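Trainee: Can we go through this one together? I'd like to work from the overall layout down to single residues.

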Amino acid sequence: MNADDFFALVTDFFGTKASRVQADPAGPNASWVLYDSFVFMCGLDGEHGTFRGGIEYDTGKYLTVFLNERLSFNTDRESVLRNLQIVDRYCRLRLPDKFLLAYDAE
């Protein structure tokens, strides 16, 4: 999967749940704010273009294991989608139901 296909997949998956996309000029990485609450960075890393991603919890530090589910390094479509589902589920579990009801209503 090339970088354009990768970022199109991520953008399509999150849709309106993601805002403020910022591309990293140093490499094929980008950041999104999910649910107006979590900074999520992902991209393709290294010589083999493995998946890299996580939720930033401190400057330059990222959570990559979500409720005992580690994100895969694979970049096939199914693996990337599974990673995005893990992140989305984690974000939704961390947010109050009241917030999600209001957010989903918009």
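**Helices, sheet and core**

Mentor: Start with helix H2, residues 77–94, which lies across E2, E3, E4 and E5 and runs at about 15° to E4. Bear in mind that this is a predicted model.

Trainee: And helix H1, what does that lie across?

Mentor: H1, residues 3–14, lies across E1, E2, strand E3 (38–45) and E4. Its direction is about 155° to E3.

Trainee: OK, the sheet. What's the strand order?

Mentor: E1-E2-E3-E4-E5, five strands in an open sheet with antiparallel pairing. Strand E1 (18–24) and strand E5 (61–63) are the edge strands, each pairing on one side only. On average, neighbouring strands are turned by 35° against each other, direction ignored.

Trainee: How many bridges between E3 and E4?

Mentor: Six, in the antiparallel sense. Cys 42, for instance, has Gly 53 in E4 as its bridge partner. The hairpin of E3 and E4 has four residues between the strands, and Gly 46 there takes a positive phi near 75°.

Trainee: Then E4 to E5, how many there?

Mentor: Three bridges join strand E4 (residues 50–58) to E5, and the two run antiparallel. Ile 55 stands opposite Leu 63, and Glu 56 has Tyr 62 as its bridge partner. Two residues lie between the strands in that hairpin, where Gly 60 has a positive phi near 75°.

Trainee: Switching to the inside. How many residues are in the largest nonpolar core?

Mentor: It has 27 residues. Those with the most contacts inside the core are Phe 6, Phe 14, Trp 32, Leu 34, Phe 40, Ile 55 and Val 87. The elements giving two or more residues to it are H1, E2, E3, E4, H2 and helix H3 (97–105).

Trainee: Which element gives the largest share?

Mentor: H2, with six residues.

Trainee: You listed Val 87. What does it touch?

Mentor: Leaving out residues up to four places away in sequence, Val 87 touches Phe 14, Leu 34, Phe 40, Ile 55, Phe 66 and Leu 71.

Trainee: Which residues make up the aromatic cluster?

Mentor: Phe 6, Phe 7, Phe 13, Phe 14, Trp 32, Phe 40 and Phe 51 form one cluster. Phe 13 also has Lys 17 over its face, at 5.7 Å from the ring centre.

Trainee: Last one, Asn 29. Where does it lie?

Mentor: In strand E2, residues 29–34.

Trainee: Buried or exposed, that Asn 29?

Mentor: Asn 29 is buried, with a relative accessible area of 8%.

Trainee: What is Asn 29 in contact with?

Mentor: Setting aside neighbours within four places in sequence, Asn 29 contacts Phe 7, Gln 22, Ala 23, Asp 24, Met 41, Cys 42, Gly 43, Leu 44 and Arg 52.

Note on methods
Residues numbered from 1 in each chain as written. Predicted model: local features only at pLDDT ≥ 70, side-chain atom pairs only at ≥ 80, totals over all residues. Heavy atoms only, no water. Buried < 20%, exposed > 50% of the residue type's maximum accessible area, 1.4 Å probe, protein only. Contact = heavy atoms within 4.5 Å. Pairing = 2+ DSSP bridges. Axes fitted to C-alpha atoms, helices over the stretch in contact; angles between N-to-C directions. Core = buried A, V, L, I, M, F, W, Y, C linked by side-chain atoms within 4.5 Å. Phe/Tyr/Trp six-rings, centres within 6.5 Å; stacked < 30°, edge-to-face > 60°. Lys NZ or Arg CZ within 6 Å of the ring centre and 35° of its normal.
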